[in-house]
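Subject: Structure handover

Hello,

Here is the structure I promised. Please open it alongside this message; my notes follow below.

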Amino acid sequence: MLGIFKSTLQKTTQNIRDLLPKTHKKIDKEALEEILIATDMDYDLLEMILSPLGEQISRNELEVALLRLFRGESYYDSVQAKVVEDKPNVCLIIGVNGAGKTTTIAKLANLYKKQGKSVILGAGDTFRAAAIEQLKLWGQRLNLPVVASQIGHDPSAVAFDTITSAVAKNIDVAIIDTAGRLHNQSNLQQELQKITRICDKAKAGSPHQKILILDGTQGTSSLEQAKIFSQTLGGIDGVIVTKLDGTSKGGAIFSMIHTLRVPILYLGVGENAEDLIAFNQEEYIATILDSIFEPTH
Ligand SMILES: Nc1nc2c(ncn2[C@@H]2O[C@H](COP(=O)(O)OP(=O)(O)OP(=O)(O)O)[C@@H](O)[C@H]2O)c(=O)[nH]1
Ligand SMILES: [Mg+2]
């Protein structure tokens, strides 16, 4: 399992090794600051984590401080994934264009399928014809039903039809795509709000999971848009970070957790339906620490 995290974060750990060619028992606070900033960890967060620590920092001290960020001990609230018992479980996938929404939908659908669950997809990005075609193609490849309408049609209607179809056919999971860009920001916000209202009409309490897709190659710069999406939707339930395989900005995940206080559910690690791994905070932290510190055993 650690193997997958190691290969996913390879560019990030290589970046650390370029700055710090050999591993240490303890490391100077300043040097540590420099290498963590190079992984795109946010400066204010870094200050908060490092300020209670001494000038020489050990692996154990840093590990405890980073784990605390995820687990919510003392100065942080706990961040835990929501458990959904409803059927269908309705997932609304949101994020800016190009973040990897449609590809991640295919990956999630594939994962649910492997768990023996039935899945239906909704082509709620009616802004671009190619987006509808892309989702239909994934539906064909994965042998899954796709609810779609014409370009320019109301995406809320697609969401409604996807959910009612899932209810009628007793399907376990409905995953709905959305547009990442409209004519302007306020249009997009209004549209997303309308989609969530209509989901609730189709099935009370849905969408159960509003999942934000963030492009890992953008690092912390994706956080501003993330905050806007979160405000628009009255909160999000989870984040999936894509394209981490291609970036040295792996430290941005700490900043995402810190700023958004929502769980990182999965990491996208490639362009195929299988390229999705469950996020594991211990393994993630251990992989980063292994590139800084001497092994403890
Ligand atoms: N390397 C890598 N590429 C990815 C990953 N996820 C998505 N991509 C690629 O990123 C590009 C954009 O992905 P899409 O899924 O189309 O993104 P989108 O958010 O649906 O984009 P719009 O529909 O334009 O809003 C595609 O070329 C994907 O193959 C990932 O985890 N790793
Ligand atoms: Mg798309």
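Which residues does Ala273 touch, not counting residues up to four places away in sequence? They are Ala106, Lys107, Asn110, Trp138 and Leu142. Keep in mind throughout that this is a predicted model.

Some context for Ala273. This residue sits in the loop between strand 9 (264–268) and strand 10. Ala273 counts as buried because its relative accessibility is 8%, and the cut-off for buried is under 20%. Phe160 is another matter: 113 residues separate it from Ala273 along the chain, and the two C-alpha atoms are 26 Å apart.

Inside the order, strand 7 (residues 209–215) pairs with strand 8 (residues 238–242). The sense is parallel, and there are five bridges. In this pair, Asp215 stands opposite Thr242 of strand 8.

The ligand

Ligand 1 has 19 residues around it. Which of them come nearest? Lys101, Thr102, Thr103, Arg128 and Glu271 do. Helix 6 (residues 101–114) gives the largest share of the shell, with four residues. By class, the shell holds nine polar, seven charged and three nonpolar residues.

- Thr102 uses a polar side-chain atom, at 2.8 Å.
- Gly98 uses a backbone N or O atom, at 2.9 Å.
- Val269 uses a polar backbone atom, at 3.4 Å.

How much of ligand 1 does the protein bury? Taken alone, the ligand exposes 650 Å², and the protein buries 80% of that.

Backbone points to check

Most peptide bonds are trans, and most residues other than glycine have a negative phi. Here are some exceptions.

Two cis bonds first. One joins Lys87 to Pro88, with omega near -5°. Pro88 lies in the loop between helix 5 (59–71) and strand 3 (89–94). Another cis bond joins Ser206 and Pro207, with omega about 0°. Pro207 belongs to the loop between helix 9 (185–202) and strand 7.

Now positive phi. Asn170 is not a glycine, yet its phi is near 60°. Asn170 is in the loop between helix 8 (155–168) and strand 6 (173–176). Is this residue buried or exposed? Asn170 counts as exposed, because its relative accessibility is 51% and the cut-off is over 50%.

Arg261 also is not a glycine, and its phi is positive at about 50°. Its place is the loop between helix 11 (252–260) and strand 9. Arg261 has a relative accessible area of 24%, so it is partly exposed.

Finish with Asn170 and Arg261 for their positive phi values.

Best wishes

Definitions and conventions. Residues numbered from 1 in each chain as written. Chains lettered and ligands numbered in written order. Predicted model: local features only at pLDDT ≥ 70, side-chain atom pairs only at ≥ 80, totals over all residues. Heavy atoms only, no water. Pairing = 2+ DSSP bridges. Helix = DSSP H or I, 4+ residues; strand = E, 2+ residues; numbered from the N terminus. Near = heavy atom within 4 Å. Polar contact = N/O pair within 3.5 Å; in protein donor to acceptor, adjacent residues only side chain to side chain. Areas by Shrake-Rupley, 256 points an atom, 1.4 Å probe, with all protein chains shown as cover. Nonpolar A, V, L, I, M, F, W, Y, C, P; charged D, E, K, R; others polar. Buried < 20%, exposed > 50% of the residue type's maximum accessible area, 1.4 Å probe, protein only. Contact = heavy atoms within 4.5 Å.
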